[in-house]
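Open the model in your viewer and keep the selection tool ready. The stops below say what to select and what is there.

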Amino acid sequence: MTWYEITIGCVTAVGGFEFIKWLWSMIFNRKNNSRIENTKATNAEIEVEKNKTTAAVEAKEAAEDAHAKQCKQFEERIGDLHKSLDTVNGQLDYYIQRDIEKEKRFDEQTALFRKEKSERLALEKEKAEMEVMYIKRIAQLELELEKKRCDFLKCPYRQPPTAHTPQRDNKTIDEYFKEKEDGKTDC
């Protein structure tokens, strides 16, 4: 075996032609390979940073979208609450107006009741006064009747008249009693 065969056998065992290419690039392209590796590492780092920034931007956009969606939901909820408040305010205005009308009717009925009660009291007072006047008049008439009453059966002014009571003359009752006091009449 010659050194040539040994070399070919070793090269073939280590990888053959690929080993030769690798050895050649290691010897002659070492600086270029180093620059290529540095560039690839830099590109990889840039790609990682780019992915991080893209992810951050996407996360920020997602957060903004979520925030915008939440704001929209809040605005819709606020709109619904405004509608609810408008409905409640409308109902409240209705109830207030109804209560005002009830109070107005109550005041009118109270005024009518008080007016009728005062009229009733006035009528009762007037009735009581008339009863008092009637009782006074009756008492006065009875007193007059007692003063001018004639116990004699033949007196023309006898109250109550009987079958024996004579006809009255053209004299008044006062004239008749004056004559009676003077003794000119016989009763």
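The tour goes from the whole chain to salt bridges and then to surface patches.

**Ground rules.** This is a predicted model, in which local features need pLDDT of at least 70, side-chain atom pairs count only at pLDDT 80 or more, and totals for chains, interfaces and linings use all residues. Numbering starts from 1 along each chain as its sequence is written, and side-chain values use heavy atoms, with hydrogens and water left out.

**Stop 1: the whole chain.** Colour by secondary structure. You get four helices and zero strands. From the N terminus the order is α-α-α-α. Helices here are DSSP runs of H or I with at least four residues, strands are runs of E with at least two, and numbering goes from the N terminus.

Now colour by accessibility. Of the 187 residues, 7% count as buried. Buried means under 20% relative accessible area, exposed means over 50%, and partly exposed lies in between (1.4 Å probe, protein chains only). The accessible surface of the chain is about 17,100 Å², and carbon and sulfur atoms hold 58% of it. These areas come from the Shrake-Rupley method with a 1.4 Å probe; for residues, only the protein chains shown count as cover.

Next, contacts (heavy atoms within 4.5 Å). Take those between residues at least 6 apart in sequence: 18% join residues at least 24 apart.

**Stop 2: salt bridges.** How many salt bridges does a search of the whole structure find? The search finds two. The criterion is a side-chain nitrogen of Lys or Arg within 4 Å of a carboxyl oxygen of Asp or Glu.

Select Glu-49 and Lys-52. Their side chains meet at 3.9 Å, N to O. Both sit in helix α3, three residues apart, so about one helical turn separates them. Glu-49 is partly exposed at 46%; Lys-52 is exposed at 51%.

Move to Arg-120 and Glu-124. The closest N and O atoms of this salt bridge are 3.1 Å apart. This pair also lies in helix α3, with a spacing of four residues, about one turn. Arg-120 is exposed, with 56% relative accessible area. Glu-124 is partly exposed at 39%.

**Stop 3: the negative patch.** Select Glu-58, Glu-61, Glu-64 and Asp-65, which form a negative surface patch. Patch members have over 30% relative accessible area and no salt bridge; like charges are joined within 9 Å, nonpolar side chains (Val, Leu, Ile, Met, Phe, Trp, Tyr) within 5 Å. Asp and Glu count as negative, Lys and Arg as positive; His and the chain ends are not counted. Charges are placed at NZ of Lys, CZ of Arg, CG of Asp or CD of Glu.

Zoom in on Glu-61. Helix α3 (residues 30-148) holds Glu-61, which is partly exposed at 43%.

**Stop 4: the nonpolar patch.** Select Trp-22, Leu-23, Trp-24, Met-26, Ile-27 and Phe-28. Together they form a nonpolar surface patch with about 680 Å² of accessible area. Finish on Ile-27, in helix α2 (residues 17-28). Ile-27 is exposed at 54%.
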